[in-house]
Amino acid sequence: MKNHTSLIRQSHFLGTKIRNLRKRNHLTMEDLSARCIRVDPNSAPSVSYLSMIERGKRVPSSAMLSVIATVFQKDLEWFLDDMPQTEDITPDKGRRGGINGMALEPSFLFSKDILQIAIPEMLSQTGITGRQFAHLLIRAHQEHNQNHFPDLERAAESVGLKQLGQSVDDLLHLCHAQGLTIRWIEHASHSLASELGLHSQQVMTSYFEPPRTICINSLLKHYPTRLKYDLAVHIGHRVLHNNETSASVLAVGRSLLLEEDDSQASTTPNAQDILQAWRDFESSFFAGALLCPKVPFRQLLDQHGYEISVHEKIGVSPSVAMRRMTVASPYPHWHYFDAYAPGKLKAVYRGNGIPLPWGNMRMVADPCQHWAVFRMINANAQGSSAQISILNVDNQPRIYCCESLRVEDMVGNQHVLCAGIDLNPAIDAQAGDSQDIAKELQRLCVQQGGESQIPAAIKRKLTSVAKILNINWVERGIGTHAKLICSRGNVCPRQPSCYHQGQRQCASD
């Protein structure tokens, strides 16, 4: 048996391995401690000591580690650094978020002090701005929680009293009830040149002027859905933060986050900027909850089979309605994109872990042209479009279905909204084998050049799942061809590949 000094030098992954083993076996720390006591009460760790082991604050003695190894039926050497299997030290995030987690080990390299030094250096070298980093942090937090923020929901419900379909006058009344004053202003849109040499229109729609004034662009009198959203956001700032924030500016068009001049933007993650970004997110979430309160909105979605057109019945924009679908639905495996051509994502949510079709921080040389959101951007389509897609995630095929809608903002920018779900968990819940179905669809699509009719037997199974989910556009997607998509062109599963030696062979279907 190894002595304690030797154990210390080989224990950098030990705590992570024990924690992941415990969680994979659905044990609490109390459960594990009790099982260790049954093996050897003299060497078993207490709950508090076990917690310190898992956090890397203590190294167990050889005798204690032997007891833990016995509980999990592992050799003692399995816990040491010489056997750091990736799956044993990687946190299991399930289907939460789009990026795999990594073990923060050795833990001393991931201390708060070291990260505070390393993060600014990382941002400086990669060119990611402090503001972009703040949005990455917030998105990861949002996806980890699968878009559920009950405290924000309750705050919105206490103000709006769960009223669905509020009018502009209702929102103005709520503003006055919060002690806010409305001032109408004149601001014309202006043209912005992106780093791609494109020109897009952007207009400031409103901003908060301390201590209690909301300044609103008079153009919004002609766009009631946008006006209601802006008012709801500012009410959120008032309720949640009591106006203890810098002037909150709302705009329509390509996001300022994506258009800022990298040469001028700071790569230092300023704590105040991160706090402001978080408050903006909270207020935006509050606005959605105020305009589409969870329970009545879910009931409306159930009545209409999650059709995107429900936004018209309650007087909100399709983007607000589609984002709220990911929250209101009892099914947790959703994603949502708001995309501007040629490949900029203004808004992203990936509660089902789907990879990104392209990145916000840099242009991707080989984006897959077959993603529904990409196809819709490049098409002159009217109305919405449903698509069944097969995508490899973690080397396993998954079946996604989404509904995409091409829209135009109030200053003429075309962009695409896309809400979708991961069908694999729904298939498995109905005693189906999602992997078998996904592999068969993938095989047929590869065999037929990238897309295929869905066989009758599989169509029946998927239709049954769609009816249980009560999502009409899933049924519409099943009636079309399934399409292969990929995270990047260099892993394109189509034969022949859409990309050959770095050159695109087919831009779109």
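(Helices are DSSP runs of H or I, at least four residues, and strands are runs of E, at least two, numbered from the N terminus.)

Before going on, I noted that this is a predicted model, so I kept its rules in mind: local features need pLDDT of at least 70, side-chain atom pairs count only at pLDDT 80 or more, and totals for chains, interfaces and linings use all residues. Residues are numbered from 1 along each chain as its sequence is written, and side-chain values use heavy atoms, with hydrogens and water left out.

**Overall**

I counted up the secondary structure of the protein chain and got 21 helices and 14 strands. Of its 509 residues, 51% count as buried (under 20% relative accessible area, with exposed over 50% and partly exposed in between; 1.4 Å probe, protein chains only).

I also checked contacts (heavy atoms within 4.5 Å). Among those between residues at least 6 apart in sequence, 67% join residues at least 24 apart.

**Helix α9**

Which residues of α9 are buried? In this helix, residues 150-160, I listed Leu-152, Glu-153, Ala-155, Ala-156, Glu-157, Val-159 and Gly-160. They pack against α10 (168-177), α11 (224-241), α13 (271-291), α14 (294-303) and α16 (318-328).

**Cores**

Next I looked for nonpolar cores (buried Ala, Val, Leu, Ile, Met, Phe, Trp, Tyr and Cys residues joined through side-chain atoms within 4.5 Å). The largest has 77 residues, and Trp-334, Leu-423 and Trp-473 have the most contacts inside it. Its largest share, 6 residues, comes from α11. Another core, of 24 residues, lies apart from it and includes Val-348, Met-376, Val-393 and Cys-418.

I then followed Trp-473. Leaving aside neighbours within four places in sequence, its contacts include Trp-334, Cys-402, Gly-420 and Ile-421.

**Strand β10**

What does β10 pair with? Strand β6 (residues 334-340) pairs with β10 in the antiparallel sense over 7 bridges, and Trp-334 has Ile-421 as its bridge partner in β10. (Two strands pair if DSSP finds at least two bridges between them.)

Strand β9 (residues 396-408) also runs antiparallel to β10, joined by 9 bridges. Here Cys-402 is bridged to Gly-420 of β10. β9 and β10 form a hairpin with 5 residues between them, and Gly-412 in the turn has a positive phi of about 90°.
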